[in-house]
Every structure is written in C-alpha cells, then in structure tokens.
Amino acid sequence: MRTAPRSIIVVLASVLAYGLISAASDGPPPWAYGFASAAGTNSPASPAAPPVQDDGTPKRLPGSSASFTLPQIRDGFGPADWYPGDHPQMPEIVAHGRKPDARACSLCHYPNGKGRPENAGLAGLPSSYFVQTMADFKTDARKSADSRKANTNIMIAIAKAMTAEEVKASAEYFASMKWTPWIKVVETATVPKTRIAGGMFLKLEGSDTEAIGQRIIETPEDTERTEVLRDPRSGFIAYVPVGSVKKGETLVTTGGGKTTRCAVCHGADLRGLGPVPGIAGRSPSYTVRQLYDTQRGTRKGVWADLMKPVVADLTEEDMLAIAAYAASR
C-alpha cells in the first residue's frame, strides 16, 4: 500500500482544519445568546449559579420606600415595582399580566422598560414597531437562531396569550417613555471571569480575568441589585474588544463597503426615525442577536425583510463592532 505524499497530507489537513473552523463559526455566537459555548459542543459548562434562598426577610433598595421578599420580587404576575415615580401608571398587562400564560411585562423588562441583556429594552420603541414585533411572535415569524434560548420561547407563548387590546396598551405604555442609556462600554483585552444565570453573565467574586477574544461580555454593575433584587436603576457594563468601537463607527457611519449606513433608517443620532426603533445606547448583546437572527432567517416579518439586504454580507466580527459602537452612543 502506497503512502500519500507528505504535501498532499498537509493540504488535506489544512482543508479539514478550515472545514472545522468554518463549521464552528457557522452557528450563533454563544456569548450573544447567554451561553459559554456553542450549541452541540462538549465544552465545559460555565460555573453554576448558586441558588439564592429566600429567608423571608423583606429586601430594600436605596431611594425606595418599598420592601419586598424574594418571592414577591420574582412574582411573574405582580413583580416588585421599586420606584413607582419613575414611570407612568402601568397598564394591567404590564403590571400583573394575565394568568395562565401572559406574564407581567414588568418582570423581565422592568416597569421602566429598560430590560436586561438577555431580553430587550422596550422604553422608547415606536408603538407600531412594538405591535408588529408581537404579531411576528404570534405567527412564529420571530424565533431565536439558538434553540437553547428559553426566554424567546416564553416570549412567543406570552405574545400568543395576549389580546390585541393588551398588546396596544403595552405598546403605548413603553413608547411613552424615552430611552436613556445605562450601559457603559469598556474596550479591553481581558474581562472578569463570569458565571451565567438565566442567560446573563455575572462576575465571579475575586479579581480573576480571562481573554475577551471576539466577544462582548455584558455584566451588571452590581450583581446582587440586578440578579437578586431586579433593581431597574442599576445598569450594566459592556466589555468589548479593543478597537471594536472604531471599526463599528466606520461600518455604522459609512457602511464600510459592506452594508448600508445605519442613519438612513435609524436616524442621524441612531435614536430612531418614525416607526424605526432607536439602536443607540441599547444592549449590544441584543443587537447582535437581532442582526444574526435576521441574517440567518430565524427572524422574519416586515422589519426583518427590510434588514435582510443590510446584514447579508456582515461577519460576526462586523456585527460585534456595530453593536459595540451603537451601544457606546
């Protein structure tokens, strides 16, 4: 039996390696969807989040006269409203939802509509855009490219359970509040080591760090106030690779020969234009998810159809850079 020439073996090895790399990069970027490793891999799981036990003690937050126990804070049909003066009066569907399937919007997105990296910031979204998005959830036109993302499936169930009147009331409520950024973008080569709880990266105690690589890692400024107490005034830090903001600026403002200038639809200040939502100062993880879902066709519908040619030629690195720059605005 003849042995293949060494040159052929080297070429085959190179092709195989390229194929493996391509396959690995073909799936959704796990960090954007709240995972430490790609779907279907055997990578070690991230450190498990230790359960926070309820001791029955009422919890408090600075600047709030209210107190709530942990079960009250986590109540899907009447979660804690720490700062009632920060927002208009909530419609019933936002404050309490409707059993059995329509959970209160304020549980995940907060009464002020700020949301968190694992979901969406709703404050300031045009009401027509909100209504169309809910319709897309209802018709299964909008799904997650990463099937592990459980809260997307929960959102689909909630949308299907809501009436047209409830959708309209929640859309008008969140549209009535202006979006005010609460994400600090930090360029860095290393990030704090984290664990993942419910799709959100949380800093581990101590000062251990790791290379950021081609990721954006969003973490709460204060882990307890966000994870445990669901404080709608406690913001986030988005760690992004060095140089990504500048690259993103080029893509956003000129298209970089690969896409359309974002200002054409989202406005010169990226804060929205007519029925088109703003993207400035919002969660970069969420932005990457939407760009990727649209490109891969798991997010369909009116707005997705308009975005398809815009995202068609973007790489994951491009999406990261665009999100980093937009979040920094």
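Of the contacts in the chain with a separation of 6 or more, 64% are between residues 24 or more positions apart, where contact means heavy atoms within 4.5 Å. This is a predicted model, in which local features need pLDDT of at least 70 and side-chain atom pairs count only at pLDDT 80 or more, while totals for chains, interfaces and linings use all residues. Residues are numbered from 1 along each chain as its sequence is written, and side-chain values use heavy atoms, with hydrogens and water left out.

The secondary structure comes to 13 helices and 7 strands; helices (H or I, at least four residues) and strands (E, at least two) are DSSP runs, numbered from the N terminus. Buried residues make up 47% of the 329 residues in the chain, and the classes used here are buried for under 20% relative accessible area, exposed for over 50%, and partly exposed in between, computed with a 1.4 Å probe on protein chains only.

Strands of a sheet pair through backbone hydrogen bonds, either parallel or antiparallel, and two strands are taken to pair if DSSP finds at least two bridges between them. Here 3 strands form an open sheet in the order 1-7-6, with mixed pairing. Strand 1 (183–187) and strand 6 (217–220) stand at the edges with a single partner strand each, so one side of each is left without a neighbour in the sheet. The twist averages 25° from one strand to the next, with axes taken as lines fitted to C-alpha atoms (for helices over the stretch in contact) and angles running from 0 to 180 degrees between N-to-C directions.

Strand 1 and strand 7 pair in the parallel sense over 5 bridges, and E187 has V240 as its bridge partner in strand 7. Strand 6 and strand 7 (residues 236–240), by contrast, run antiparallel and are joined by 4 bridges; I217 stands opposite Y239, and T219 stands opposite I237. How are the side chains of strand 7 arranged, and are they buried or exposed? F236, A238 and V240 point one way and I237 and Y239 the other way, and all are buried.

On a 1 Å grid over the protein atoms alone, a cavity is a set of points where a 1.4 Å probe fits but cannot get out, a pocket is an open set with protein on both sides within 12 Å along at least five of seven lines, and lining residues have an atom within 4 Å of a point. Grid points are joined across faces, edges and corners, and a volume is the space filled by probe spheres set on the points. The count comes to 3 cavities of 30 Å³ or more, and the largest cavity has a volume of about 60 Å³. Its lining includes W179, W182, I183, E218 and F236, and divides by class into 6 nonpolar, 3 polar and 3 charged residues. In these classes Ala, Val, Leu, Ile, Met, Phe, Trp, Tyr, Cys and Pro count as nonpolar, Asp, Glu, Lys and Arg as charged, and the others, Gly among them, as polar.

The second largest pocket has a volume of about 300 Å³. Of the 20 residues that line this pocket, G124, K178, W179, R271 and R282 are the closest to its centre, and the lining divides into 11 nonpolar, 5 polar and 4 charged residues.

Some backbone details in the loops also deserve attention. The peptide bond from K99 to P100 is cis, with omega near 10°, and P100 is found in the loop between helix 3 (92–95) and helix 4 (105–109). Y110, although not a glycine, has a positive phi of about 70°; Y110 is in the loop between helix 4 and helix 5 (127–138) and is buried, with a relative accessible area of 1%. D140, also not a glycine, has a positive phi of about 65°, but D140 is partly exposed, with a relative accessible area of 34%.
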